[in-house]
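This report concerns one protein chain and the way its parts are arranged. Please keep the sequence and the model at hand while reading.

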Amino acid sequence: MDAATNALTGQGISLSFGGIKVLKGLDVTFRAGEITGLIGPNGAGKTSLFNCLTGAYSPQEGQIAYAGQSLDGLSPAARAGKGIVRSFQHVALSLDLTVLENVMIGVARNHHAGWLNAFLPLPRGRAERAEMERAAMGALTDLGLADAAHSLPDALPPGMLRLVEIARAIVGKPDVLLLDEPAAGLNNSETRDLMQTLRKLRSGGLVMVVVEHDMDLVMSICDRIYVMNFGEFVACGTADEVRRDPDVIRIYLGSDDD
Ligand SMILES: Nc1ncnc2c1ncn2[C@@H]1O[C@H](COP(=O)(O)OP(=O)(O)OP(=O)(O)O)[C@@H](O)[C@H]1O
């Protein structure tokens, strides 16, 4: 299938809380092979849309589909099983597991392999654990984290933890990777490392969506950017197009968030 066929799409997405519409009939297409940014001022609705895509929220109206197949009604776990995975704004690693074991959870989660089986002292369990370890080590190596595999998360700086989260998200070779503020809490050099990593991850078959406040990151890595305000899209285009858009300058780039 080509990139257009593999898109993650939303049509007419509307979401309300207590009668207040926070997403107002959004049509959106996240294409495979591209990194798409989702930006906008605080309260614009970015996280709400993200949560609709991941299945954490159910929009009252509209349809969400991947590769033409409806995702409506599927839980976040069921979506993960279909290759649609997310990272969290706040690092959500298990502190009493090593980095490698944390990433192994991603293998189990995405492939519905038996996590418990992998720890049973049976030949099948041992084989599954070895397979998970290989996959997890591969993802850590791809992100330059092999040396940290046997450390506990507490021993690592925030930038590395963020990359470990991404390793856990990509280890199952997802079709869609949704990144919620991946640069939150990172210093400049950690953010630069992250940008390089995300660029490396861009590949023909992968849909990548990044919700992010760091404008340098968004403008430098995203192929296309949707700009939201008050639950609507006010612009969509390349970084250059978005930067020059008068509405964007007025509502976002010129605001205090900048
Ligand atoms: N669970 C919820 N219950 C009630 N209102 C909510 C809920 N989640 C979001 N909202 C409201 O929806 C609107 C959009 O919020 P959302 O968090 O999606 O914006 P955002 O663009 O992600 O903002 P930020 O950049 O600050 O994270 C806000 O007015 C917010 O108060």
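The model is predicted: local features need pLDDT of at least 70, side-chain atom pairs count only at pLDDT 80 or more, and totals for chains, interfaces and linings use all residues. Residues are numbered from 1 along each chain as its sequence is written.

The chain holds nine helices and ten strands; these are DSSP runs numbered from the N terminus, helices being H or I with at least four residues and strands E with at least two. Of its 258 residues, 41% count as buried, that is, with 20 or more other C-beta atoms within 10 Å of their own, whereas exposed residues have 12 or fewer and partly exposed ones lie in between, with C-beta atoms placed from the backbone.

An automatic or database domain assignment supplies the domain bounds. Domain 1 covers 1-83 + 176-258, and domain 2 covers 92-173. Their contact takes twelve residues from domain 1 and eleven residues from domain 2, where two residues are in contact if their C-beta atoms, placed from the backbone, lie within 7 Å. On the domain 1 side, α2 (76-81) and α6 (188-201) are the elements that give two or more residues, and α6 provides the largest share, five residues.

Thr-191, Leu-194, Thr-197 and Leu-198 of α6 are buried. Seen down the axis, the buried residues of α6 fall within an arc of 120°, so they line one face of the helix; the arc is that of the directions from the helix axis to the C-beta atoms. Their cover includes β3 (35-39), α5 (158-170) and α7 (215-221). On the other side of α6, Asn-188, Ser-189, Arg-199 and Lys-200 are exposed.

The shell around the ligand includes Phe-17, Val-22, Gly-40 and Asn-42, a residue being near a molecule if its C-beta atom, placed from the backbone, lies within 6 Å of it. Helix α1 (residues 46-54) contributes the largest share of this shell, three residues.

The table gives the residue classes of two sets.
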